[in-house]
Amino acid sequence: MEETNRQKKIGGLLQKDLADILQNSLRESGRTGILVSVSKVRVTTDLSIAKAYVSIFPSKHQQEVIEEINENKSQIKHEMAQRTRHQLRKMPDLSFYIDDSLEYIDGIEKSIKGKEDPVANPDLLDKRKKS
């Protein structure tokens with residue numbers, strides 16, 4: 001089912017503010033050298049839940065950063081509510097997922113440039129994680 005314009009607008013607004021909040025929280029916690037970006041935010045039709053897909057670079061820090069984000073979810077939601085209080089009546093519940101699309105694309109490119117051909121042998125590539 002396709003997203004409505006309202007869902008897209010709210011998703012875009014949340015995406016921009018979430019990226020800013022997450023970068024600031026990493027900087028305040030003293031973690032440097034880690035880049036966090038919000039690649040997509042999908043909002044349900046009733047606007048009660050927002051799924052945020054987060055890319056973390058370098059990828060070796062993905063698990064610990066996503067755990068830290070989930071531990072601070074209530075503080076992030078509160079700050080988001082403060083920023084969007086004039087645009088949204090009710091702040092959607094946030095859930096965070098790791099966006100692995102960059103790693104998946106990188107794996108495809110490495111396979112194509114190497115000796116192995118993933119088109120002829122699709123078992124060479126890892127299966128994508130579904131969220």
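Biologist: What relative accessible area does Glu 79 have?
Modeller: This is a predicted model, where local features need pLDDT of at least 70, side-chain atom pairs count only at pLDDT 80 or more, and totals for chains, interfaces and linings use all residues. Side-chain values use heavy atoms, without hydrogens or water, and numbering runs from 1 along each chain as its sequence is written. Glu 79 comes out partly exposed (buried is under 20% relative accessible area, exposed over 50%, partly exposed in between; 1.4 Å probe, protein chains only). Its value is 34%.

Biologist: Which residue forms a salt bridge with Glu 79?
Modeller: We need a Lys or Arg side-chain nitrogen within 4 Å of an Asp or Glu carboxyl oxygen. Here the closest N and O atoms are 3.5 Å apart. The partner is Arg 83.

Biologist: How many residues apart in sequence are the parts tied together by Asp 17 and Arg 83?
Modeller: Their side chains meet in a salt bridge at 4.0 Å, N to O. Asp 17 is buried at 9%, while Arg 83 is partly exposed at 30%. Asp 17 belongs to helix H1 and Arg 83 to helix H3, so the separation is 66 residues.

Biologist: Which residue of strand S3 pairs with Lys 77?
Modeller: Lys 77, in helix H3, is partly exposed at 26%.

Conventions: Helices (H or I, at least four residues) and strands (E, at least two) are DSSP runs, numbered from the N terminus.
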